[in-house]
Amino acid sequence: MTIAEEPHVGSDLSRSAISDEVDEDLRSDVRLLGSLLGRVLSEAGGLDLLSDVEKLRSLTIEAYEHENNTSIEDAERLVESFTPERAEQIARAFTCYFHLSNLAEEHHRVRVLQARDAQGDAVATDSLAAAIQRLEAEVGAAETATRLKGLRFHPVLTAHPTEARRRAVASSIRRISELLAERDVLQPGTLGSSENDRRLLEEIDVLWRTSPLRTTRPTPLDEVRTAMNIFDQTLFEIVPRVYRLLDDWLLGSDAGAKPTEAPAFMRLGSWIGADRDGNPFVTAAVTKSAAAIASEHVLLGLEHAATRIGRTLTLDSADTPADKALNSLWARQRSFAGEVTAQVGTRAPNEPHRRVLLVIAERIAATRLRNADLAYGAPEELLTDLRILQTSLRSAGADRSANGELQNLIWQVETYGFHLAELEVRQHSKVHRQALEEIRAGGELSEMTTEVLDVFGTISYLQNRYGLRASRRYIVSFTQSSEDLGNVYALAEAALGSAEAAPTLDVIPLFETFDDLNASTTILAEMIELEPVKARLEATGRKLEVMLGYSDSSKDVGPVSATLALYSAQSRIAQWAKDNDIVLTLFHGRGGALGRGGGPANEAVMAQPPGSVEGRFKLTEQGEVIFAQYGDKTIAARHIEQMAAATLLASSPSNEEENRAATLDFESVAATMDARSRQRFYELIKADGFAPWFAQVTPLEEVGLLALGSRPARRGLSIESLEDLRAIPWVFAWTQARINLTGWFGLGSALAAVGDVDVLRDAYARWPLFTAMINNVEMSLAKTDDRLAKRYLALGDRDDLAELVLEEMALTREWVQQTTAHSEPLEGRPVLRRAVRLRSPYVDALSLLQLRALKSIRASGSADPADEPHQLLLLAVNGVAAGLQNTG
């Protein structure tokens with residue numbers, strides 16, 4: 001299995017023509033991995049298996065390139081002819097191919113980024129350096145420096161189950177990726193090259209033989225440990241490296257010789273093990289364990305870093321004497337750590353800076369092991385010691401030692417503290433209301449209410465154990481009134497006995513539905529009159545956080561109206577904050593898929609309303625996005641830099657003016673699009689019988705059988721209603737059916753209602769929000785397939801609804817093409833276009849296998865997840881997720 005090389009006649013964008021545009025290094029990697037997979041398949045299943053795979057591959061390629069021929073029917077007949085065992089084998093083969101091609105693309109992306117960095121001269125337009133240069137030109141150096149000090153990029157990792165790969169599969173892929181990277185420095189024909197070939201075959205064979213499906217759902221703590229892999233592999237080391245990149249640019253030739261200027265601008269949050277909204281498996285005990293696991297990882301990292309740096313800090317006191325403060329610190333260390341200081345003093349009698357840092361390392365270890373005699377009480381105490389050490393080095397003239405690895409350690413403590421990522425508790429407002437009703441009624445409390453109360457005791461424990469930053473944010477899902485926020489403080493007081501004993505809380509409203517977004521400022525105005533909120537505003541310098549739900553608002557009114565409503569709500573909230581002297585941070589609940597507010601995040605930052613960013617951007621990162629953005633060190637560094645640069649630039653006068661002027665110029669266009677798109681969306685989702693029909697034409701129910709995450713797919717209702725269906729299966733199911741409806745439905749009607757192509761093209765050129773919306777939809781449409789969509793829609797018994805979907809799909813394609821003046825989707829993004837076009841025929845093969853399984857399940861009415869059709873369906877779902885690189 002390889003990228004097709006055979007010549008095809010047809011348009012300039014035939015498969016072979018596209019392949020020629022792909023960088024040779026990437027093509028070579030994919031050819032290699034595909035040929036090795038072919039060899040593994042023939043060894044494991046015989047030449048017949050490889051032959052069947054190749055037949056299906058050839059037919060789907062032919063069908064994709066020549067949409068009017070009969071190849072898609074031929075491919076469908078071939079799929080129907082397979083035995084159940086052969087169908088499963090082929091689904092696994094195509095899934096393996098996608099895993100291999102995905103890792104090849106990631107490796108090539110790293111290769112390109114490294115080559116770009118090696119050039120050294122050019123400043124990338126989306127880099128922090130470029131952002132600072134532009135900002136200085138607009139507001140001056142002094143104001144830019146002030147804004148840089150206040151910069152904050154705050155990703156929050158969530159356990160939303162959108163990563164379809166098993167951890168065993170992900171580990172196998174990582175090993176193959178490391179072997180592929182190794183080939184870049186090996187000489188062909190050498191012993192090392194031969195060994196690399198053998199090991200690649202071995203690992204690909206392991207990947208093939210590893211079941212792609214989880215047999216059991218991960219627990220919340222399994223999800224915590226998975227996230228810890230990302231921290232250990234990339235984030236702990238990469239974040240200070242990004243700060244260093246910025247500092248090197250700021251100081252130029254003085255970098256290392258002068259005190260650093262780059263701020264520790266990133267903070268990490270996590271919902272994993274703390275988000276209990278609809279997840280009965282997240283308990284107070286789980287949250288406490290999640291915090292302990294995270295703290296263990298960060299303290300181990302800090303301990304190892306301090307020990308490593310301490311061992312190299314062999315600066316003799318004759319040349320680098322300690323200052324008075326360092327001598328005082330050493331005296332204090334000796335007073336309470338006599339045994340440790342005696343050992344260290346023997347090893348480094350004339351190296352005062354080394355011995356102090358080695359004792360600091362021992363104290364970090366004691367903090368992890370809970371040795372009260374030596375442990376630090378808070379990360380601020382550790383920072384104080386490190387800065388005393390740094391100042392002493394500088395006073396002795398050892399500036400490079402002061403500003404080098406030691407500064408990296410300081411940045412790591414500033415960023416991660418002793419907790420690594422702040423655990424943010426989230427719970428539904430309805431749960432709080434029910435718990436308070438029980439408490440006020442008196443009598444024995446239910447298990448649910450007891451658990452609600454227990455979480456406040458856990459938050460108090462975490463703050464005492466790891467510091468205030470460990471857990472203080474409490475998010476209220478479906479906030480509909482200020483009472484919903486006040487209820488949290490009332491519950492905390494009930495749990496701990498008094499307001500004074502309750503933990504410190506920053507209660508955050510989450511506005512999710514269209515109506516709640518519209519009511520947001522009214523609710524916020526009432527919120528800041530609550531006594532506990534007043535106290536927190538005074539204590540924090542009037543800082544307030546507000547969360548916006550992208551996915552539920554989109555499910556509520558459709559993607560177009562949700563986008564416009566979110567923008568409008570942000571504008572109003574930002575103005576309200578300004579009027580009330582509030583330092584606002586908007587928290588964006590963006591998911592990985594387009595139907596959940598996904599898409600290029602840095603582009604989205606730049607399209608935010610004036611006054612809504614102000615150098616602070618917080619968003620959720622979930623599922624496959626976590627691994628895609630943070631799984632590789634080079635890619636993670638690039639992503640963090642891009643996001644920080646966009647956050648800094650979003651509030652530049654020129655960017656704010658561009659957004660402000662466009663919003664005014666296209667106000668009537670927005671109103672027309674909003675009204676018509678919502679009307680069109682309601683025609684579909686409010687139609688009688690829509691919910692069961694949706695479940696019939698997509699693998700909605702079957703997706704729930706995949707052991708993706710610990711949280712249930714629904715909040716416990718029947719399929720007769722979409723009201724409480726989570727956004728993840730809503731998006732996942734439409735994506736699997738190759739329809740991607742959640743990303744585009746209603747846009748075609750909205751653009752047609754505007755009707756003026758010149759106006760739309762002007763909006764696309766000058767209105768950042770509209771540009772981002774159209775670009776996202778263009779990508780969604782590129783991954784949508786009309787032929788396969790028709791086959792999924794034919795599984796239902798509602799021709800009217802099927803026709804409505806197909807009409808809107810065609811209308812959206814037509815008007816997006818006119819608006820962009822592109823001859824086909826993604827014409828303006830050739831790299832992405834090539835990737836989608838090269839992948840699509842392989843995804844088609846898996847979709848046909850999935851359709852075979854769905855037809856069988858629908859015909860038999862079987863609900864047995866262990867039967868052959870269900871197993872084939874789940875294998876195909878897994879493969880399509882890998883191929884499209886979008887899930888929920």
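**Reading the sheet and the helices**

Tutor: In β3, Leu 423 is the bridge partner of Ser 270. This is a predicted model, in which local features need pLDDT of at least 70 and side-chain atom pairs count only at pLDDT 80 or more, while totals for chains, interfaces and linings use all residues. Residues are numbered from 1 along each chain as its sequence is written, and side-chain values use heavy atoms, with hydrogens and water left out.

Student: What counts as a strand, and what counts as a pair?

Tutor: Helices (H or I, at least four residues) and strands (E, at least two) are DSSP runs, numbered from the N terminus. Two strands pair if DSSP finds at least two bridges between them. Strands of a sheet pair through backbone hydrogen bonds, either parallel or antiparallel.

Student: In what order do the nine strands form the open sheet?

Tutor: The order is β3-β2-β1-β9-β8-β7-β6-β5-β4, with parallel pairing. β3 (422-423) and β4 stand at the edges with a single partner strand each, so one side of each has no neighbour in the sheet.

Student: Which strand is joined to β4 (residues 425-428)?

Tutor: Strand β5 (residues 473-477) is joined to β4 by four bridges, and the two run parallel. In β5, Val 425 has Tyr 474 as its bridge partner, and Gln 427 has Val 476. β5 also pairs with strand β6 (residues 506-511), in the parallel sense, over four bridges. There, Pro 509 of β6 is the bridge partner of Val 476.

Student: How do I read the faces of a strand?

Tutor: In a regular strand the side chains alternate between the two faces of the sheet. Take β5: Arg 473, Ile 475 and Ser 477 point one way, Tyr 474 and Val 476 the other, and all are buried. Buried means under 20% relative accessible area, exposed over 50%, and partly exposed in between (1.4 Å probe, protein chains only). β4 is covered on both faces too: Val 425 and Gln 427 are buried on one side, Arg 426 and His 428 on the other.

Student: Is Thr 449 buried or exposed?

Tutor: Buried, because its relative accessible area is 0%. Thr 449 lies in helix α18 (residues 447-466). Leaving out residues up to four places away in sequence, Thr 449 touches Ala 435, Glu 438 and Ile 439. Contact means heavy atoms within 4.5 Å.

Student: How do two helices pack?

Tutor: The axes of helix α14 (residues 379-395) and helix α16 (residues 405-416) come within 10 Å and cross at roughly 160°. The two helices are therefore roughly antiparallel. Angles under 35 degrees count as roughly parallel, over 145 as roughly antiparallel, 65 to 115 as roughly perpendicular and the rest as oblique.

Student: What does a helix's span tell me?

Tutor: The expected span is 1.5 Å times one less than the number of residues. Helix α5 (residues 128-139) has twelve residues and reaches 16 Å from its first C-alpha to its last, close to the expected 16 Å. Just after α5, Gly 140 takes a positive phi of about 90°.

Technical notes: Axes are lines fitted to C-alpha atoms, for helices over the stretch in contact, and angles run from 0 to 180 degrees between N-to-C directions.
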